[in-house]
Amino acid sequence: MRRLLSLLVVTSVVISLVATALNLWQDNRRLRNNQHSLQQGITLYRTKANNYAASVEALSLELDEFRHLHASDTKTIRELKIRLRNVESVAQSVTSTTLRDTLILRDTIILEQPLLHASASDPHNTISATLRSDTLTLSVRSIDTLHQVIHRVPRRFWFFRYGTKAIRQEVWSSNPNTQLIYTEYIELPRRKRGQFR
């Protein structure tokens, strides 16, 4: 009986140590992948259609790490009435749009002052205009940050939450002048190991 008891104790200790070692190995691998992603940084490029594009590797954060490193995003997610444990992924992209144009005025009175300049700006937009005798040059620059949260909507039965009813995407902009027109989220099935085209 003592041998059986000691065998059970030793077996449980070995299983516990193996599980702990496996956990530490997986966490070490995750941190190594995160370091690699951060070292790679963001790649900005143009497509064949001459559109701007960006590419970046995904980071994998634990819930506590996300709460600590992204406190403002955590606050906004709570304001959207989403439980943080239901969040699948979070993304954000910063865009800057600059519009420039020159307008030549004809059949007008030439101004006595050779140059008039006006500009206005706020944290998101900068507008400047320059008027030279018969030419008006206008520049508009808009900076925006798009935030995206993918979260799980659980099924409900009375007060109980279980399973997954749907996966939803929430997108918001930091620029109050930006109006979101369209968004789409497509989830592709994850391939199993050894499954190819």
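Colleague: How far apart are N and O where the side chains of Arg 30 and Glu 65 meet in a salt bridge?
Modeller: This is a predicted model, so every value here is computed from it. A salt bridge needs a nitrogen of Lys or Arg within 4 Å of a carboxyl oxygen of Asp or Glu. Arg 30 and Glu 65 meet that rule, with an N to O distance of 3.0 Å.

Colleague: How many residues apart in sequence are the parts that Arg 30 and Glu 65 tie together?
Modeller: Arg 30 sits in helix α1, which covers residues 2–40. Glu 65 sits in helix α2, residues 63–69. The pair therefore ties together parts whose separation in sequence is 35 residues.

Colleague: Is Arg 30 buried or exposed?
Modeller: The cut-off for buried is under 20% relative accessible area. Arg 30 has 11%, so the residue counts as buried.

Colleague: And how does Glu 65 count, at its relative accessibility?
Modeller: Partly exposed covers the range between buried, under 20%, and exposed, over 50%. Glu 65 has 26%, so its class is partly exposed.

Colleague: Which residues are linked with Arg 30 in a network of salt bridges?
Modeller: By the 4 Å rule, the count comes to five salt bridges. A network of them includes Arg 30.

Colleague: Which residues of α1 are buried, and what do they pack against?
Modeller: The buried residues of α1 are Arg 30, Asn 34 and Ser 37. Their packing partner is helix α2.

Colleague: How far does α1 reach from its first C-alpha to its last?
Modeller: The helix has 39 residues. At 1.5 Å a residue, 57 Å is expected. The reach in the model is close to that, at 57 Å.

Colleague: Which residue just after α1 takes a positive phi?
Modeller: Helix α1 covers residues 2–40. Just after it, a positive phi of about 70 degrees belongs to Gly 41.

Colleague: Which helix holds both Asp 64 and Arg 67?
Modeller: Their side chains meet in a salt bridge at 3.0 Å, N to O. Asp 64 is exposed at 55%, while Arg 67 is partly exposed at 34%. The two are three residues apart, about one turn, and both lie in α2.

Colleague: In which sense do β1 and β2 pair?
Modeller: β1 covers residues 43–46 and β2 covers residues 52–55. Leu 44 stands opposite Ala 54 in β2. The strands pair over four bridges, and the sense is antiparallel.

Colleague: Which residue in the turn of the β1 and β2 hairpin has a positive phi?
Modeller: Five residues lie between the two strands. In that turn, a phi of about 65 degrees belongs to Asn 50.

Colleague: How much accessible area does the nonpolar patch of Phe 157, Trp 158, Phe 159, Phe 160 and Tyr 162 have together?
Modeller: Patch residues need over 30% relative accessible area. Phe 157 has 49% and counts as partly exposed. Its place is in strand β6, residues 135–157. Together, the five named residues have about 770 Å².

Colleague: In what order do the elements of the protein run from the N terminus on?
Modeller: The protein has three helices and seven strands. From the N terminus on, the order is α-β-β-α-α-β-β-β-β-β.

Colleague: What percentage of the residues of the protein count as buried?
Modeller: The accessible surface comes to about 17200 Å², with 56% belonging to carbon and sulfur atoms. Of the 197 residues, the buried share is 12%.

Notes:
Residues numbered from 1 in each chain as written. Predicted model: local features only at pLDDT ≥ 70, side-chain atom pairs only at ≥ 80, totals over all residues. Heavy atoms only, no water. Pairing = 2+ DSSP bridges. Buried < 20%, exposed > 50% of the residue type's maximum accessible area, 1.4 Å probe, protein only. Expected span 1.5 Å × (residues − 1). Contact = heavy atoms within 4.5 Å. Patch = residues over 30% accessible without salt bridge, like charges linked within 9 Å, V, L, I, M, F, W, Y side chains within 5 Å. Areas by Shrake-Rupley, 256 points an atom, 1.4 Å probe, with all protein chains shown as cover.
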